[in-house]
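Morning, everyone. Please have the sequence and the model open as I talk.

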Amino acid sequence: MSLLLKRKDVILTIVAFCFSLTVIPYFFDVPALETYANNLNKIVTVIITGAFTISLYAQTRRNVMMIKRRSSGWIYQVIQLLLVYVMISIGLFLGQTSIPYTWLIEAFVMPCSVVLYSIATFYMISAGARAFRARNFNSFLFLLAAVLVLFAQAPMTESLMPWPAVIREYLGSTFGKTVGRVFGLGLSISVIVLGVRTLLGKEPATLGIMEEGG
Amino acid sequence: MGEKEGFNIFKAMAYIDRKYLFLMIFVVVLGPILFPIGIPIKVGKNTRLYYSYLDELESGDVVYWIGATYRSFMEVKSGYVATLRTIIEKDAKLIVVYSEGDEQAVFQSVMGNPDTNTPGILTPLMEKSDYKYMEDYVELGMILVGGEAAYVSLARNFQDFIHNDYKGTSIEGTFLDEVHTAEDIALIVHAGPLGGIGADGFGRHFALDFGVPYLGNVIGVGISTTQAWIDTGIVKGMLESGRGGAELEFLIGHPGVGLRAMDCMTLGHYYFIALVIVGNIGYFGWERQAMLEEKRPTGDEQI
């Protein structure tokens, strides 16, 4: 049985079936099919959520190895493991709405999330002072646009003079939007191409198919 | 022994010591918080558009509130609180949905937790307006983890799929009895996405299919992508990061953390621009020359 499920054609058949089951209800109103599609989506969601346990296992194993070896910064791995398992235990046994769980969110998760985001400030400041150089005409244009947009973005600027907002509006509605749309289109087309290639069996890595075993 | 190089102003500008850079950013950010300046701001077009949809809400209208994680909350807090304040004052009903675990903690930090009697930022207003859980707002929990199936269920067949709130309490007998499809929804507010909005589930299944107005309280990096969706009409308005939130606070007449942060935002922007200009002056005055001299072959090498 396991050999059968490892066959490339079997895997592709399953993929094509699941794809059809999920996509067809978008175009044809078939209530029975929609029920199966919804159930399939729920199953997939549960599996994806369950995959977090694999990442938990991998992270735990890595941390334990670092602690055993007393690698540089091993004490932080101890703290991390402690917090992760305390939080999981409290969440599982006391519930996510319990006071200890909420306290952990507000005492650890919230401040760390804020710091992670804020820490980018120092990188940006350093980059602004040291890396943003007009080494050629193209980079000069890029810097000029960035400086003008930043200047217009500062709240006080618009209340003092109108022209920076006009320039910002122009740059945003022409170049900014165009690039954004090109990026979005490119991303969408790549996703479609990857999907088609997967269905045709040309992306074995995506399906976990080993080329030698087929 | 080499000659001691004298002080070169351009070299100093090109290589400003990082500790002074970081010290200045602390001064620029903390200074206005400790000693507010009151720099004026102007309300932008996007904020006015956003506010116009909030202003049209009537008592009993149902609004979907999509949660924000802590990562985005710190940037969009002012708009988050101001929008909820407006919704409460309009006596509109809220259906609160999440996709990540900490979004609930964020929401309850603003609206409080009635089970544990933990107050939130807007608890005084909620008490004054008699805005209560299960009567005026319901948290459905991390329902968006269901992906496409979740959006389709919420948009087209609410009653068949949603029976309880996040605690498992039945929602029968609440205002949700009147919600069947997206047609029963007056507004959707994405309270703090980590990128842009428009192409997500609510954009596709609510705004595009049913024409439900969709607003976003977006962080800085999501502004340009969301603007494209505003042009298509799928997204009706957005608050542009912290500045948009401050503008909304100004519009609704409830100054808060957003307006207070505008002094820091103005000075921070000008500081960054100054650093870029000073760095480039140093580059052209010294660094570029030094790089060219380094590449130029010396007389000794030619012999």
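**Interface, cavity, pocket**

Start with the interface: 53 residues of chain B are in contact with 44 residues of chain A, where contact means heavy atoms within 4.5 Å. This is a predicted model, where local features need pLDDT of at least 70, side-chain atom pairs count only at pLDDT 80 or more, and totals for chains, interfaces and linings use all residues. Residues are numbered from 1 along each chain as its sequence is written, chains are lettered from A and ligands numbered from 1 in the order in which they are written, and side-chain values use heavy atoms, leaving out hydrogens and water.

How much area is buried between chain B and chain A? About 4,600 Å², with carbon and sulfur atoms giving 64%. Buried area is the accessible area (1.4 Å probe) that two parts lose on being put together, summed over both. On the chain B side, B:Tyr70, B:Arg243 and B:Phe272 lose the most area to chain A, together 13% of what that side buries.

Now one helix pair. Helix H5 (residues 99–118) of chain A and helix H4 (residues 70–89) of chain B have axes that come within 8 Å and cross at roughly 70°. Helices are DSSP runs (H or I, at least four residues), numbered from the N terminus. Axes are lines fitted to C-alpha atoms over the stretch in contact, with angles from 0 to 180 degrees between N-to-C directions. So H5(A) is roughly perpendicular to H4(B), a term for angles of 65 to 115 degrees. From H5(A), residues including A:Ile105, A:Met110 and A:Tyr117 meet B:Tyr70, B:Arg71, B:Met74 and B:Glu75 in H4(B).

A search of the whole structure finds one cavity of 30 Å³ or more. A cavity is a set of points on a 1 Å grid over the protein atoms alone where a 1.4 Å probe fits but cannot get out; lining residues have an atom within 4 Å of a point. The largest cavity has a volume of about 100 Å³, the space filled by probe spheres set on the points. Among its lining residues are A:Gln96, A:Tyr101, A:Ile105, B:Gly101 and B:Gln108.

Last, the second largest pocket, an open set with protein on both sides within 12 Å along at least five of seven lines. About 1,600 Å³ of space lies there. Its lining has 37 residues, with A:Phe52, A:Met87, A:Ile88, A:Tyr101 and B:Gly101 nearest its centre. H3(A) gives the largest share, 10 residues.

Key: Helix = DSSP H or I, 4+ residues; strand = E, 2+ residues; numbered from the N terminus. Parallel < 35°, antiparallel > 145°, perpendicular 65-115°, else oblique.
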